[in-house]
Amino acid sequence: MSALSTSLWASLPIPAVILDPADRIAEVNPAGEQFLNASAKSIKGSPIWDRIFVDAPLEDAFARVRTGQAPLFVNTVDVGTGSRKPESCDLQIAPVADQAGHVLVLLESRALAGRLDRALSSKSAAKSAIGMAEMLAHEIKNPLAGISGAAQLISMSVNGEDLELTDLIVAETKRITKLLDQVEEFGNVSPPSMKPVNIHDVLDRARKSAAVGFAAHMRIEDDYDPSLPLTMADPDKLQQVFLNLLKNAAEAGRAGGTIRLRSFYEPGLRVRKRDGTRGAVPLHIEVIDDGPGLPSEIASDIFEPFVSGRENGTGLGLALVSKLIAEQDGWIAVDSVPGRTVFKISLPLAPREAQLTDPQG
């Protein structure tokens, strides 16, 4: 592709793939990488039918496009992947000029188009709602502190069932305060403090904290790439992300189960940054557990607020993780089947001058 064609291809907002004459993936754009939950490097050369499932006989459609050298539209078909439940899409299939037998396939999610329209029309309302939730959380925490303090004072002069009741009041006020802390953090719009960060340092701090606390019933293993370069991130917010994912894995896992932390370098994936440009995110961290997996009915919405697979779960933990990663120009995805759930975070490189001055580099 020319430089202009490459730029347009990378900027295309909907998933797109180019297939060779044997229906193998020759090219995939960044939106297509996200849709397929895989990098271009890992899927190039793969048969398209190994990557997507479509409830329509597209082989005939591809043949017609190649023979007639004219575009073809296929409306409202269900398209799914190994990690994504089927969703209704409109497909556009067209011949590729100067590449005999190659076809371009655009997959436009009807649900995504609807969500984008609704998001644009309700952006200011959503911002107001988040601000209101943050304000209410702050105001509610003050009387809660008073209730908790009063219950602790009463507990000093009672016993038996009355003591159990005061302990319950204290425990519940702490639980509500923790939830309100999450609401406040979710509404926090202050920018992250970005700096060059050694991912393994942050991972190890989170791992040690988890191992002596909420994940003490599990074994935590690591599989690090020792040559991984520095990322550009906010170390405190990144540690919060890792702790949330480790806690999620620990709550899903059984006693004696395993949580595996893996880091590796894989170029190819690009995401849209806060300034609207696209940037590479070649540094990858996976948090893998051997629990029962995500319920299929919520797997595609797990990063949305108030979506939880656990009884009494708030549904804010993973939504906050997604928000924090997006603020650091990163990307997060999940692949879950019974017995194996993988949360994958992809982050950008720190500038070259930071890599050269890294004492561990």
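Axes here are lines fitted to C-alpha atoms, for helices over the stretch in contact, and angles run from 0 to 180 degrees between N-to-C directions. Helices (H or I, at least four residues) and strands (E, at least two) are DSSP runs, numbered from the N terminus. The model is predicted: local features need pLDDT of at least 70, side-chain atom pairs count only at pLDDT 80 or more, and totals for chains, interfaces and linings use all residues. Residues are numbered from 1 along each chain as its sequence is written, and side-chain values use heavy atoms, with hydrogens and water left out.

**Stop 1: α8 and α9**

Select residues 199-211 (helix α8) and 235-252 (helix α9); their axes come within 9 Å and cross at roughly 45°. The two helices are therefore oblique to each other (angles under 35 degrees count as roughly parallel, over 145 as roughly antiparallel, 65 to 115 as roughly perpendicular and the rest as oblique). The crossing of α8 past α9 is right-handed, meaning that the near helix is turned clockwise from the far one by less than a right angle.

Now show the side chains in contact (heavy atoms within 4.5 Å). On α8 these are Ile199, Val202, Leu203, Arg205, Ala206, Arg207, Ser209 and Ala210, and on α9 Pro235, Leu238, Gln239, Phe242, Leu243 and Leu246. Ten of the contact residues are nonpolar, two polar and two charged; Ala, Val, Leu, Ile, Met, Phe, Trp, Tyr, Cys and Pro count as nonpolar, Asp, Glu, Lys and Arg as charged, and the others, Gly among them, as polar.

**Stop 2: α9 and α10**

From α9, Lys237, Leu238, Gln240, Val241, Asn244, Leu245 and Asn248 meet Gly317, Leu318, Leu320, Val321, Leu324 and Ile325 of α10. This contact has eight nonpolar residues, four polar and one charged.

**Stop 3: the open sheet**

Colour the five strands of the open sheet, whose order is β8-β10-β13-β15-β14 with mixed pairing; two strands pair if DSSP finds at least two bridges between them. At the edges stand β8 (219-223) and β14 (331-337), each with a single partner strand, so one side of each has no neighbour in the sheet. From one strand to the next the twist averages 15°.

Within the sheet, select β10 (residues 258-265) and β13 (residues 283-289), which pair in the antiparallel sense over seven bridges. Leucine 261 has valine 287 of β13 as its bridge partner. Bring α9 back: this helix packs on the sheet, touching β10, β13, β14 and β15 (340-347), and its direction makes about 175° with that of β15. Helix α10 (residues 317-327) also packs on the sheet, touching β14 and β15, and its direction makes about 145° with that of β14.

**Stop 4: the β1-β2 hairpin**

Go to β1 (residues 16-19) and β2 (residues 25-28), paired in the antiparallel sense over three bridges. Valine 17 stands opposite valine 28 in β2. Five residues lie between the strands of this hairpin, where aspartate 23 takes a positive phi near 60°.
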